[in-house]
Amino acid sequence: MFGRIYSYILVALLVLSPAYAMQNGVVKAKSAYSMQESVKRVTDDIKAKGIEIFNVIDQAKLAKEAGIEIRPSTLIIFGNPPLGTQFIQARAEAGLDWPVRILVYEDAKGQVWAAYSDWGWVAKRHNIKNRGPQFKMATEVVDSILSALRKM
């Protein structure tokens, strides 16, 4: 029950915030910066929080090497094993969604966005009902990281 209530509260908060939008379990935040600056700001914030970055993948570069053109798209993979592995401990298949991923990309209009999987959606997907505080913490951390994309 806590998981469901938490998911409703999280959705309400995200819908009420003009910088965030959620559809199909994907939370999107509009960036106030260029693609390159957005990736830098996200990775710098992750490092400043002492969180490990496992990989930064320039998907547009990989596509170009394969002879395919796509708009700028960079996947940042990071995490805090003491937190993230608790989800995998609860359900092995949760490893599909951990470590954390933020996708920074540019849309057809040139607007830069950051997207990640909604933690309430992840909990439901994997039927994890006993990690509410951990999902809350994961949400707070990612929201804090994405705040680096808003102009102050």
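Predicted model: local features only at pLDDT ≥ 70, side-chain atom pairs only at ≥ 80, totals over all residues.
Residues are numbered from 1 along each chain as its sequence is written, and side-chain values use heavy atoms, without hydrogens or water. Local features need pLDDT of at least 70 and side-chain atom pairs pLDDT 80 or more, while totals for chains, interfaces and linings use all residues.

**View 1. E37 and R41 form a salt bridge.** A salt bridge here is a side-chain nitrogen of Lys or Arg within 4 Å of a carboxyl oxygen of Asp or Glu. By this rule the count is six. In this pair, N and O are 3.6 Å apart. Both residues sit in helix α2 (residues 35–48), four residues apart, so about one helical turn separates them. Helices are DSSP runs (H or I, at least four residues), numbered from the N terminus. E37 is partly exposed at 30% relative accessible area. R41 is also partly exposed, at 26%. Partly exposed lies between buried (under 20% relative accessible area) and exposed (over 50%), using a 1.4 Å probe and protein chains only.

**View 2. K40 pairs with D44 in a salt bridge.** The closest N and O atoms are 2.5 Å apart. Helix α2 holds both residues, with a spacing of four residues, or about one helical turn. D44 is partly exposed at 33% relative accessibility. K40 is partly exposed at 45%.

View 3. E140 has a relative accessible area of 43% and is partly exposed. K136 is partly exposed at 38%.

Conventions. Helix = DSSP H or I, 4+ residues; strand = E, 2+ residues; numbered from the N terminus.
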